[in-house]
Amino acid sequence: MRERLEARKVVMANMSTRCKVATEDAKKQEEMLSTEVRSLLVAGTSLSVARKRLQEANRLLTEERGCVKLKNVQRKLRARQQYMISQVSLLYPVKILVGPAQEQELESYCCSSRLGNPSASKPVNQGSLTILGLNLTLLPFTKMSFFTDKKEVQRSATALGYVAHAVSLIASYLQVPLRYPLRLGGSRSYINDHASSIDPASSDLSLDTTLSANVKLAEFPLFLEGQDTTRAAYAVFLLNKDIEQLLNFIGVKSLGPRHVLANLKELLRSVQSSEYIDT
């Protein structure tokens, strides 16, 4: 009986120790739960306040005064954009020199005829367009040779640099990410194309997972001196595509794939018109 009693005492002591440990764990868990409950209460209060603000904002927006206020903010934003782009127009004025134009704009990429625009190969019957007093005029690329006037090539490269800078500024003011990013460098500017450097050997299954690793920017020069004429022509084609992107953003149709300065002039004119603010 004594042995059994001693064994029972040992069991009771072990159970008491386990009970104390369990009690301490329960207290710790209770403290942790109370902390989490307080955090949830604070988060719930913040959520209810945010919900009330959202409901109030929705109520103000659905009312007539709310719509008017939103339209006024949009008009102010467009007016600001219009002012900033008007400064670009003053910085890089695109003007028409009335008279018989002896040369056309820079011939665009040779594949641009695929766009199905029959009037793209016809000259613009509106005189010679200039940007900051420079004509974007070069001989057709098939006629380029070692004896081509170097000054004419340099003037066209400078004009393309002006166009690239103007397009970059307008895109930033309109908050439009250009499909073909520009690397500005004056008369030595470049334009980037993502699609030209994708590895065609990649399988369709692994293309999505390795797209960010395989895609690299392919640069094309916006000048002809010391460059392949086909790459330079493609660069002008991409630059015109950026201008078309901005025209489509404001709801204006492009004048064609060969008219870089004409499209830029139409973009500047459309943004500075009164219809732009009212749309």
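User: Patches are made of residues with over 30% relative accessible area and no salt bridge; nonpolar side chains (Val, Leu, Ile, Met, Phe, Trp, Tyr) are joined within 5 Å, like charges within 9 Å. Which residues form the nonpolar patch on the surface?

Analyst: This is a predicted model, in which local features need pLDDT of at least 70 and side-chain atom pairs pLDDT 80 or more, while totals for chains, interfaces and linings use all residues. Residues are numbered from 1 along each chain as its sequence is written, and side-chain values use heavy atoms, without hydrogens or water. The patch has about 300 Å² of accessible area together (Shrake-Rupley method, 1.4 Å probe; for residues, only the protein chains shown count as cover). Its members are V11, M12 and M15.

User: Is V11 buried, partly exposed or exposed?

Analyst: V11 sits in helix α1, residues 2-62. Helices (H or I, at least four residues) and strands (E, at least two) are DSSP runs, numbered from the N terminus. Buried means under 20% relative accessible area, exposed over 50%, partly exposed in between (1.4 Å probe, protein chains only). V11 has 41%, so it counts as partly exposed.

User: How many salt bridges does the structure hold?

Analyst: Side chains of opposite charge can pair when their charged atoms come close. A salt bridge needs a side-chain nitrogen of Lys or Arg within 4 Å of a carboxyl oxygen of Asp or Glu. The count here is three.

User: How many residues apart in sequence are the parts that R183 and E219 tie together?

Analyst: Their side chains meet in a salt bridge at 2.6 Å, N to O. R183 lies in strand β4 (residues 182-183) and E219 in strand β6 (residues 218-221), so the pair ties together parts whose separation in sequence is 36 residues.

User: What separates E244 and K241 along helix α6?

Analyst: E244 and K241 form a salt bridge, with closest N and O atoms 3.4 Å apart. Both are buried. They are three residues apart in the helix, which means a separation of about one helical turn.

User: Is E266 buried or exposed?

Analyst: E266 meets R269 in a salt bridge (2.7 Å, N to O). E266 has 18%, so it is buried.

User: Which side chain of opposite charge is nearest to D242?

Analyst: D242 is in helix α6, residues 229-249. Leaving aside neighbours within four places in sequence, its contacts (heavy atoms within 4.5 Å) include V167, Y180 and I191. Lys and Arg count as positive, Asp and Glu as negative; His and the chain ends are not counted. D242 is buried yet has no salt bridge; the nearest such side chain, 5.8 Å away, is R179.
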